[in-house]
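Here's a quick briefing to read alongside the coordinates. Have a look at the model first, then come back for the notes.

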Amino acid sequence: MTRFIESTITFPYKRSLGPVVGAFMTALTEKQILGIRCQDAVLVPPMEWDPATGAELPHEFVEVGPAGTVESWTWVGTPSIQHPLDHSFAFAFIRLDGATTPLLHAVDAGTPQAMSEGMRVAPRWRGSREGRIDDIICFVRGEAAETEGEDTGGATDPVTRMDYLASITYRNPVPEAADRATEASREHRLLGLRCPTCGRVYAGGRGLCPVDAIELGPECEVDLPHTGTITNFAIVTPVQYPGQTETEPFVRAFVLLDGTDVIIPYSVVIELPADQVKVGLRVDAVWASPAEETEEGGGMGGSWGSLLGWIPNGEPDIDDPDLVNRIF
Amino acid sequence: MSAPSTDIAVIGWAQTPMVRHTDKSETQLLMEAITDAIVPLGLTRADIDYTCLGSCDYITGQAFSFVSNLDAIGAWPPKRDSHVEMDGAWALYEAWLRLQEGDIEIAVVTGSGRSSTGDPALIYPMEMDPYFLAPLGADPLTFAALQARAVIAAGIADERSMAEVAVRARGGDVETLLAEEYLRQPLRRHDVPPITDGAAAMVLATGDRARRLVERPAYITGFDHRTECHNPSFRALDDSPSTRIAAESAGLSDAPVEVAELQAAFTHEELLLREVLGFGDEVFVNSSGGALRDNPIMATGLCRVGHAANHIFGGGSRALAHATSGPCLQQNLVCILEGRS
Ligand SMILES: [Zn+2]
């Protein structure tokens, strides 16, 4: 039975708007909708370039609407969390008065029977507007625009940026080899997989040989030594971004296991200040005690499980100028 | 673009089982598809001179997800490799261009996607125009419904002919289908593609190498792709000028095609594409069932080329494959394949 793991990734985008989209968004805060003149046409929403030729358009804005005519529509019976309304509504192409192209937006019409081509609609504005397309909550039947809630007025400065939070939840299969490697780590075993074709050994539970492009099952498992040599390292100075938990500079080292060709990448080095980590340093694996076990495993993360990292073992350094080349 | 001076042919391809939900990772799917494509040709991964993989990080949920997919191609010793954040049909286009340099003979292209990893209805709106469309959650079903309405208004389709397309692809009965509720008016569930996990891999070879490896290579004699404005509301949705230009440039009008595989995920798209390409009943369209039967995102277009190649492998003389990308057939690719006696 394959195990699945769910993860949510969020991308907090900050988008710069530029002179044309920025003007449109700024106007929205004033409850105005702008198009841009493109030869004989008025494009809504405005674009910086002629869609037919790619030529840059002069910034000749034209106020359109606020009312318009439904040119086409479809009924959304069950809205998603991304949709502008939490009850059923229409998505419609609305040609605002004075515009040549239709704008896609929501129409709050109650039922699909209330929708028709040629229907006249006007915006329902948000009382508090930021300069986003959803400052218009939706369109409603009729000629008169309305405002929901207390009207806090237009923006004091031109709107130049738009925040957009993309958030996606994914469900991915966990390779069985990764689960087996994690399980073995609970018994303080460092599991490797030896490829029957090329003889290379891989750690970390990837479950395949990328050289021969074959899967490596339990029959390929071997126990790896718990002692090795640091071949290379980097000192990471953390930059604060959402989700960053580190605050101080820290080391990520590459450890070559004794008597093997296996590199343990991005390793945590324990009880040694960052400025004392060096190439050739001899290290031992450090395992979480049962009391330290957590859901997320040790300091290495992922299928390394209870492996917390590596600690200097006091043996003399290895002096080999080729060591630094071993990062995989 | 018309045929290059060097012959370039599809000599084989394979696809994984097409399922609603797979337990395998994208890398595992690709390993299987590539092996199944090259082994019957007597090739190993060492024989592959160039690879180009088509996949999408947004669908996989991992930045640089194509890097782990390299595990499937056996990239040691180092290989010439490329990637397109597009359907594998565009990877095929890139490989076709690369082979024209004449210094290499064998290329493998793939398309892969695990649609079930996320919720396509929530992911695709985020790939839309970020200023005017994504904040509204403008989803693919909405755009498809608005295009269907335009195609119906132009007299190219009606709800019945759309249901007939669905019946040809997936079976069933037109009257029963038409009695169903709307999913997104005028679309019903049968007008809409399934969500499919899967991958495909295709092998290309040049000139004599192709002829030594297989009896009847499917020669690529014309290949082009064109795109339109990104905002669907600026386009004539009852037409597909990019498809028309790509087909003309690929030489569609030079000779009749016997079969066509069109990437039409929605029933009205097949009817619109037939109209734009000028296909009457003499052209057998989507005998594979098309994207309405299996829709492995990022591989669906490449599978169209594969099924068209099957027609040539089986003795056919001329076939057209079409792939598309973006909302409402924004970007369209046409590939013409021919057999030789
Ligand atoms: Zn191997």
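What follows covers the metal site and then one of the sheets.

This is a predicted model, so local features need pLDDT of at least 70 and side-chain atom pairs count only at pLDDT 80 or more, while totals for chains, interfaces and linings use all residues. Residues are numbered from 1 along each chain as its sequence is written, chains are lettered from A and ligands numbered from 1 in written order, and side-chain values use heavy atoms, without hydrogens or water.

**Zinc site**
- C195(A), C198(A) and C209(A) each give an SG and D212(A) gives an OD to the zinc ion, at 1.9 to 2.3 Å (donors are N, O and S atoms within 2.8 Å of the metal, or 3.2 Å for Na, K and Ca).
- Along the chain, the donors are spaced C-x2-C-x10-C-x2-D.
- The donor angles run from 100 to 113 degrees, so the site is tetrahedral (four donors, all angles between 85 and 135 degrees).
- C209(A) is buried at 0% relative accessible area, whereas D212(A) is partly exposed at 24% (buried is under 20%, exposed over 50%, partly exposed in between, with a 1.4 Å probe and protein chains only).

**Sheet in chain B**
- Ten strands make an open, mixed sheet, ordered β3-β2-β4-β7-β1-β8-β12-β11-β9-β10 (strands are DSSP E runs of at least two residues, and two of them pair if DSSP finds at least two bridges).
- β3 (80-84) and β10 (284-285) of chain B are the edges: each has a single partner strand, so one side of each lacks a neighbour in the sheet.
- β9 (residues 259-261) and β11 (residues 318-325) of chain B run parallel, joined by three bridges, and E261(B) sits opposite A321(B).

Methods:
Helix = DSSP H or I, 4+ residues; strand = E, 2+ residues; numbered from the N terminus. Tetrahedral: all angles 85-135°; square planar, octahedral: opposite > 155°, others 65-115°.
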